[in-house]
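The report below is meant to be read alongside the sequence and the three-dimensional model.

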Amino acid sequence: MRTLEEKLIRAIKEKRDKRAASKLIEIYYKDIYRYVFKQTSDRELSKDLTQEIFISILNSINSYSFEKASFKTWIYKIASNKIIDFYRSKFYKYKTIVDEIDDYSLLSSENIEEEFQIREDLNEVINIVNTMNANIQEIFRLKVFGDMSFKEISVILELSESTVKTRYYGAIKKIKNIMEEKS
């Protein structure tokens with residue numbers, strides 16, 4: 001017996017069914033948006049990236065195989081890659097500089113200073129993660145922002161669970177060491 005998800009995917013693959021595509025997007029939109037938003041903290045950017053992710057999903061759906069991974073696993077891999085691509089882009093680097101300038105002009109109370117420090121720390125962690133190789137970035141993002149288990153990540157990345165854990169904890173150690181050096 002086929003699940004609704006399987007029926008929708010087959011309809012998209014075989015008939016280019018737009019209603020099936022819309023329904024599939026509707027099922028996963030909130031989860032993917034939340035995953036992206038946790039990493040960007042920007043509503044408009046998250047909407048744009050989520051839209052790009054779903055365009056990529058629909059453009060490459062013919063390469064999806066039910067036998068290799070669950071659909072959820074497959075779309076989170078695409079989402080992770082899009083986010084990594086975004087953080088490597090020139091637009092991100094430009095936007096970061098502009099946002100930093102804008103943020104400095106807003107400081108006027110202790111609460112804002114505390115919020116700014118928290119945001120700065122989060123940005124610092126993301127910047128450190130962005131310097132790591134793509135495989136480690138994927139593991140970190142799926143674990144921290146995707147709230148996935150090591151087992152789920154190992155399926156997505158086709159790695160052993162122990163390899164995923166080793167790389168994740170290695171990344172955490174590296175982040176901690178760099179943050180301690182800077183303080």
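The mean pLDDT of the protein, that is, the predictor's confidence in each residue on a scale from 0 to 100, is 83, and 83% of the residues reach 70 or more. This is a predicted model, in which local features need a pLDDT of at least 70 and side-chain atom pairs count only at pLDDT 80 or more, while totals for chains, interfaces and linings use all residues. Residues are numbered from 1 along each chain as its sequence is written, and side-chain values use heavy atoms, with hydrogens and water left out.

Confidence is lowest in helix 5 (residues 90-104), where the mean is 47, and highest in helix 3, where the mean is 94. Over residues 100-109 the pLDDT is below 50, and this stretch has seven contacts in the model beyond near neighbours in sequence; a contact here means heavy atoms within 4.5 Å.

**Overall make-up**

The secondary structure comes to nine helices and zero strands, where helices (H or I, at least four residues) and strands (E, at least two) are DSSP runs numbered from the N terminus. Of the 183 residues in the protein, 35% are buried, a word that stands for under 20% relative accessible area, with exposed meaning over 50% and partly exposed in between (1.4 Å probe, protein chains only). Among contacts between residues at least 6 apart in sequence, 55% join residues at least 24 apart.

In helix 1 the buried residues are L8, I9, A11 and I12. Just after helix 1, R16 takes a positive phi of about 55°.

In helix 3 the buried residues are L45, S46, L49, T50, I53, F54, S56 and I57. At the start of helix 3, a side-chain oxygen of D42 reaches to within 3.1 Å of the backbone nitrogen of E44.

**The largest nonpolar core**

A nonpolar core is a set of buried Ala, Val, Leu, Ile, Met, Phe, Trp, Tyr and Cys residues joined through side-chain atoms within 4.5 Å. The largest one has 44 residues, of which L24, I32, I57, F71, I75 and Y76 touch the most other members. Helices that each supply at least two residues of this core include helix 1 (4-15), helix 2 (18-40), helix 3 (43-59) and helix 4 (71-88). The largest share, nine residues, comes from helix 4. Not counting residues up to four places away in sequence, Y76 touches D31, I32, Y35, L142, M148 and I156.

What places T50 among the buried residues? T50 counts as buried because its relative accessibility is 0%. The backbone oxygen of S46 lies 2.6 Å from a polar atom of the T50 side chain, and, leaving aside neighbours within four places in sequence, T50 is in contact with Y29, I32, Y33 and V36.

E138, which has its place in helix 7, is buried, with a relative accessible area of 5%. Apart from its neighbours within four places in sequence, E138 is in contact with K77, S80, N81, I84 and L157.

I172 is found in helix 9 and counts as partly exposed, at 31% relative accessibility. I172 and V125 are 47 residues apart in sequence and, from C-alpha to C-alpha, 9.6 Å apart in space.

Conventions: Polar contact = N/O pair within 3.5 Å; in protein donor to acceptor, adjacent residues only side chain to side chain.
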